[in-house]
Amino acid sequence: KLEEKIQKPIISFCYPAGEYDNRVLKIVKEEYLFARTTSPGKYFSLQRRFEIPTTRIFPSTGINSLKIWFGVE
């Protein structure tokens, strides 16, 4: 229904509340190109493209924190 509404394919998924198991992972792999978790991390691996980690950014997160996190000077 969402694809019909926006007239574009949906190619990615984010696990609700970060919750998933092998059964859900199997279904997601059949329907999407990649998926994001809520687990912290900053490295992407093509082999784990259905379990991409997240860098959480909050309203209080400053630019200096992001520079340190991503190794930018």
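Predicted model: local features only at pLDDT ≥ 70, side-chain atom pairs only at ≥ 80, totals over all residues.
Is arginine 48 buried, partly exposed or exposed, and at what relative accessibility? I looked this up before anything else. Arginine 48 comes out at 48% relative accessibility, so I log arginine 48 as partly exposed.

**Entry: the salt bridge of arginine 48**

I checked what arginine 48 pairs with. Its partner is glutamate 51, in a salt bridge whose closest N and O atoms are 3.1 Å apart. I then looked up the accessibility of glutamate 51. The value is 23%, and glutamate 51 therefore counts as partly exposed.

**Entry: the other salt bridge**

How many salt bridges does the structure hold? I find two. The cut-off is 4 Å. Lysine 26 and glutamate 30 both sit in helix H2, and because they are four residues apart there, about one helical turn separates them. I also looked up their surface state: lysine 26 is exposed, and glutamate 30 is exposed as well.

**Entry: overall layout**

I went on to the secondary structure. The protein has three helices and three strands. Along the sequence I read the pattern α-β-α-β-β-α.

The C-alpha trace spans about 40 × 30 × 20 Å along the principal axes. The radius of gyration is 15 Å, whereas a compact globule of 73 residues would have one near 11 Å. Buried residues make up 14% of the 73.

Strand E2 covers residues 34-40 and pairs with E3 in the parallel sense over two bridges. Across from isoleucine 52 in E3 I find arginine 36.

**Entry: aromatic rings**

I listed the ring pairs and got three aromatic pairs in the structure. One of them joins phenylalanine 13 and tyrosine 32. Their centres are 5.3 Å apart, the planes stand at 35 degrees, and the pair is tilted. Why does this pair tie together parts that are 19 residues apart in sequence? Phenylalanine 13 lies in strand E1, while tyrosine 32 lies in the loop between helix H2 (22-31) and E2, so the contact joins those parts. Phenylalanine 13 is at 25% relative accessibility and counts as partly exposed. Tyrosine 32 is at 24% and counts as partly exposed.

Another pair is tyrosine 15 with tyrosine 20. The centres are 4.1 Å apart and the planes are at 20 degrees, so I log this pair as stacked. The cut-off for stacked is under 30 degrees. Is tyrosine 15 buried or exposed? Tyrosine 15 is buried, with a relative accessible area of 1%. Tyrosine 20 has 27% and is partly exposed.

Last, I checked how the rings connect. Ring pairs link Phe13, Tyr15, Tyr20 and Tyr32 into a cluster.

Note on methods: Residues numbered from 1 in each chain as written. Heavy atoms only, no water. Pairing = 2+ DSSP bridges. Phe/Tyr/Trp six-rings, centres within 6.5 Å; stacked < 30°, edge-to-face > 60°. Buried < 20%, exposed > 50% of the residue type's maximum accessible area, 1.4 Å probe, protein only. Salt bridge = Lys/Arg side-chain N within 4 Å of Asp/Glu carboxyl O. Rg over C-alpha atoms; globule rule 2.2 N^0.38 Å.
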